[in-house]
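Here is a friendly walk through the strands and the ligand surroundings of this protein. Please keep the structure open as you read.

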Amino acid sequence: MGKVQGTDISTLVEEMANAGFGHLEESILQCSDCALREGATNPVIMKGSRTPRVLFIGEAPGKTEDMTGIPFSGRAGKKLDEMIGYMSLSDDDYAVINAVKCRPPNNRKPLKGEIEICRPFLMAQIKMLDPQVIILLGNTAEEAFCRSKKLEWGIPKVSGGISIVKIYHPAAMIYQRSRIEEQKALIDKNRHLWE
Ligand code: SF4
């Protein structure tokens, strides 16, 4: 059991965040609280800085991420790297995590219930990484973070002192090439948040 049943989520998040990165990583690696763990090879935790200014939140691991244990290490990861280059962020500036840590079968979207069960890990990661800016990569990341759809594409909101902005998931750049220029426009509109 990765998380304590019946514990209030804010208490659980606080406890996990206070316990440190090593403890959180171990909790995720040991977790089997939802059915996604059965089909996953490796839970995927994070990559990047532990003191990021910008935190990217994606949806869920895909096939390559499941094999490597590293978020955004496949084709979508190449698009994310291009985006990060366009944003002029250095390696120390950012971190990357996903809404759920284990790969859904056949790359389907994680179910609401799976997102909810995994959410304490997500919120603990955000608390520990303490970014200035959270970039939600697509609607699933938004649903996981906000628990509903509240944001317009590229229109930032401030919550708890953190600027939150939703842009397209990098996979959209692979399948809809017209999205590349649209994504650049969303990034350009929000540069002031991290520059
Ligand atoms: S997806 Fe999250 S809640 Fe489900 S088993 Fe993996 S770490 Fe646990």
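A residue is called buried if 20 or more other C-beta atoms lie within 10 Å of its own, exposed if 12 or fewer, and partly exposed in between, with C-beta atoms placed from the backbone. This is a predicted model, in which local features need pLDDT of at least 70, side-chain atom pairs count only at pLDDT 80 or more, and totals for chains, interfaces and linings use all residues. Residues are numbered from 1 along each chain as its sequence is written.

Helices (H or I, at least four residues) and strands (E, at least two) are DSSP runs, numbered from the N terminus. Strand β4 (residues 133-137) is mostly covered, with 4 of its 5 residues buried. In strand β3 (residues 94-98), 5 of 5 residues are buried: Y94, V96 and N98 on one side, A95 and I97 on the other.

Two strands pair if DSSP finds at least two bridges between them. The pairings are:

| Strands | Sense | Bridges |
|---|---|---|
| β1 (residues 47-48) and β3 | antiparallel | 2 bridges |
| β2 and β3 | parallel | 5 bridges |
| β2 (residues 54-58) and β4 | parallel | 4 bridges |
| β4 and β6 (residues 162-167) | parallel | 5 bridges |

Within these pairs, G48 stands opposite A95 in β3, while F56 has I135 of β4 as its bridge partner. L137 stands opposite I167 in β6.

Now to the ligand. It is surrounded by 16 residues, the closest being C31, C34, R37, C102 and C118; a residue is near a molecule if its C-beta atom, placed from the backbone, lies within 6 Å of it. Helix α6 (112-129) and α3 (36-39) each supply at least two residues of this shell, and the largest share, 4 residues, comes from α6.
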